[in-house]
Amino acid sequence: MSEQSTPATPPRRTFLMVLPLLAFVALAVLFWFRLGSGDPSRIPSALIGRPAPQTTLPPLEGLQADSVQVPGLDPAAFKGKVSLVNVWASWCVPCHDEAPLLTELARDKRFQLVGINYKDAPDNARRFLGRYGNPFGRVGTDANGRASIEWGVYGVPETFVVGREGTIVYKLVGPITQENLRTVLLPEMEKALKAGS
């Protein structure tokens with residue numbers, strides 16, 4: 001009798017069977033390292049160096065300072081002044097965290113603080129500002145989110161530094177924190193204040 005042996009799988013066929021698994025593992029490792037690296041607040045903006053959007057926004061109805069309605073957003077207000085534009089909402093949890101820092105920033109009268117209230121109910125927005133204090137000299141309401149799209153907003157909160165000539169010079173994605181205020185935002189504000197003075 002002759003011995004019967006099972007044919008061995010050719011090496012080329014084994015390699016072809018393992019190839020999809022190797023490709024998947026390589027992609028998984030690549031994604032793992034790319035997702036873990038980088039700072040999401042450093043998302044580049046195509047608007048840096050370009051004029052701030054020329055979108056007029058109505059005021060937040062009923063928001064008053066010294067018994068006078070706080071004005072909405074008028075693009076002409078950017079000319080000749082350095083501005084910090086903060087996009088916020090009462091329903092945004094990180095906005096609650098950064099509110100005390102914005103109030104602290106509002107004490108510096110070398111620049112103006114402008115708020116864009118994003119997709120918010122007016123009552124909730126007024127209650128939010130009543131709770132933390134209103135740091136903004138102007139508050140424009142962006143009820144449908146279109147103006148925020150023109151500003152290149154990915155989500156709230158986001159903060160922009162606008163130079164005296166009305167050009168966006170910096171964009172911070174995410175909340176203002178003690179750390180990024182000290183290491184990034186204040187130095188960017190100082191650069192804008194020194195430019196064109």
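**Exercise 1.** Determine whether Trp88 and Phe128 are buried or exposed, and describe the geometry of the aromatic pair that they form.

*Solution.* Trp88 and Phe128 are both buried, where buried means under 20% relative accessible area with a 1.4 Å probe and protein chains only; Trp88 counts as buried because its relative accessibility is 1%. This is a predicted model, in which local features need pLDDT of at least 70 and side-chain atom pairs count only at pLDDT 80 or more, while totals for chains, interfaces and linings use all residues. Residues are numbered from 1 along each chain as its sequence is written, and side-chain values use heavy atoms, with hydrogens and water left out.

Next, the rings of Trp88 and Phe128 are stacked, at 5.1 Å centre to centre and 20 degrees between the planes; rings of Phe, Tyr and Trp (its six-membered ring) pair if their centres lie within 6.5 Å, and planes under 30 degrees apart count as stacked.

**Exercise 2.** Identify which parts of the chain are tied together by the pair of Trp88 and Phe136.

*Solution.* The pair of Trp88 and Phe136 is stacked, at 5.9 Å centre to centre and 10 degrees between the planes. Trp88 lies in strand β3 and Phe136 in the loop between α3 and β5 (138-142), so the pair ties together parts that are 48 residues apart in sequence; helices (H or I, at least four residues) and strands (E, at least two) are DSSP runs, numbered from the N terminus. Finally, Trp88, Phe128, Tyr132 and Phe136 form one aromatic cluster.

Definitions and conventions
Phe/Tyr/Trp six-rings, centres within 6.5 Å; stacked < 30°, edge-to-face > 60°. Buried < 20%, exposed > 50% of the residue type's maximum accessible area, 1.4 Å probe, protein only.
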